[in-house]
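Thank you all for coming; I would like to walk you through one structure this morning, slowly and one region at a time. Please have a look at it first, and then we will begin with a question.

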Amino acid sequence: VAALEGMTNMKAFVLNSKLMVLGKTSAGINLLERSGIEATGTWEEVSTDLPTEADVQTLCQQDDNLYVSTSDGKILSSTDAKEWKVINPEYSTPLTLIEKTEDYFYALSEGKILRSSDAQTWEEEQLDSDPTFLPSINIRALSLKQRNGNNRIVLVGQREQDAVVWNKMWNESENETRAEWTYFPNSPDNTIPCPRLQHFNLLKYDNKCIAFGGSTSDNSRKALDALYISQDYGITWRPSTELHMPIQLEGIEGCITSTVDKNNFIWIITNAQVWRGRLNRLGFAQQ
């Protein structure tokens, strides 16, 4: 896709059954829109008024609403990714949006996790461990509904030389505001922790967490060499033996973005290429 060439810091998402990509170019932030999520489609560059100080990696989607935070602490919302409006007053310190659930916004600010119902009044969340273990870069989060009905947020990011994982879990009988965040420390007996990858991607797929990205800083892992699966919400991560990365992508460096559509297709975008694939069994209705 020629329009993707030269685009950095990309973020893919599906909105109104269309695949979209926000990314930075020398001219600012661009928005590309694909005509659909079918096997064939055409790409078009469309205008967006998202300001250049927006951090597109903070993009959160809740139903048909999009939210993103800026480097100066504003939170913007949109229903089409084209027109954006500020929804919060100026906060005392910069905010980094990490997730939006049905009822609350979650953000990181000065080593704290904050929660707000309206993006205007914020409360500090409870942590079970030292806040110095919170991630500082490459922050990604997923909201999951477990088979037993519990709700969970999986927060993965990086600090210093490690990947770090936090979880927040609550159920129908427990108020979301009372659930504290739990840190999953890297321990010597866990030989398969979350890898610290460049251009880190985190997806929910087949009721599991999937991580992948560029090479590791010590080059022990090649870029896009595997899809790492966690079935325990972030404690252990194994290269999948069922879901395989296209072999043509292995070793390709550069910005990587991804998303999952309503038909259970994973879309991977890197090096101006667009790939999609899914597990065959997810293409059939359960009987």
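Is K74 buried, partly exposed or exposed? Before I answer, please note that this is a predicted model, in which local features need pLDDT of at least 70 and side-chain atom pairs count only at pLDDT 80 or more, while totals for chains, interfaces and linings use all residues. Residues are numbered from 1 along each chain as its sequence is written, and side-chain values use heavy atoms, with hydrogens and water left out.

Now the answer: K74 is partly exposed, because its relative accessibility is 34%, and the scale calls a residue buried under 20% relative accessible area, exposed over 50% and partly exposed in between, using a 1.4 Å probe and protein chains only. K74 sits in the loop that joins strand 6 (65-69) to strand 7 (75-78), where strands are DSSP runs of E with at least two residues, numbered from the N terminus. Its side chain makes a polar contact with the side chain of D72 at 2.8 Å; such a contact is a pair of N or O atoms within 3.5 Å, and within protein one must be able to donate a hydrogen and the other to accept it, while residues adjacent in sequence count only if both atoms are side-chain atoms. Setting aside neighbours within four places in sequence, K74 is in contact (heavy atoms within 4.5 Å) with V68, S69, V86 and N88.

Let us turn to another loop, the one between strand 13 (137-145) and strand 14 (151-159), which holds Q146. Q146 counts as buried because its relative accessible area is 10%, and its side chain makes a polar contact of 2.7 Å with the side chain of R152. Beyond neighbours within four places in sequence, Q146 is in contact with R152, M169 and Y233.

Finally, the core. The largest nonpolar core contains 17 residues, and V154, V156, V165, C194, F200, L202 and W237 have the most contacts inside it; strand 13, strand 14, strand 15 and strand 18 (208-212) are the elements that give two or more residues to this core. By a nonpolar core I mean a set of buried Ala, Val, Leu, Ile, Met, Phe, Trp, Tyr and Cys residues joined through side-chain atoms within 4.5 Å. Leaving out neighbours within four places in sequence, C194 is in contact with V156, A163, V165, F200 and W237.

How values were computed
Helix = DSSP H or I, 4+ residues; strand = E, 2+ residues; numbered from the N terminus.
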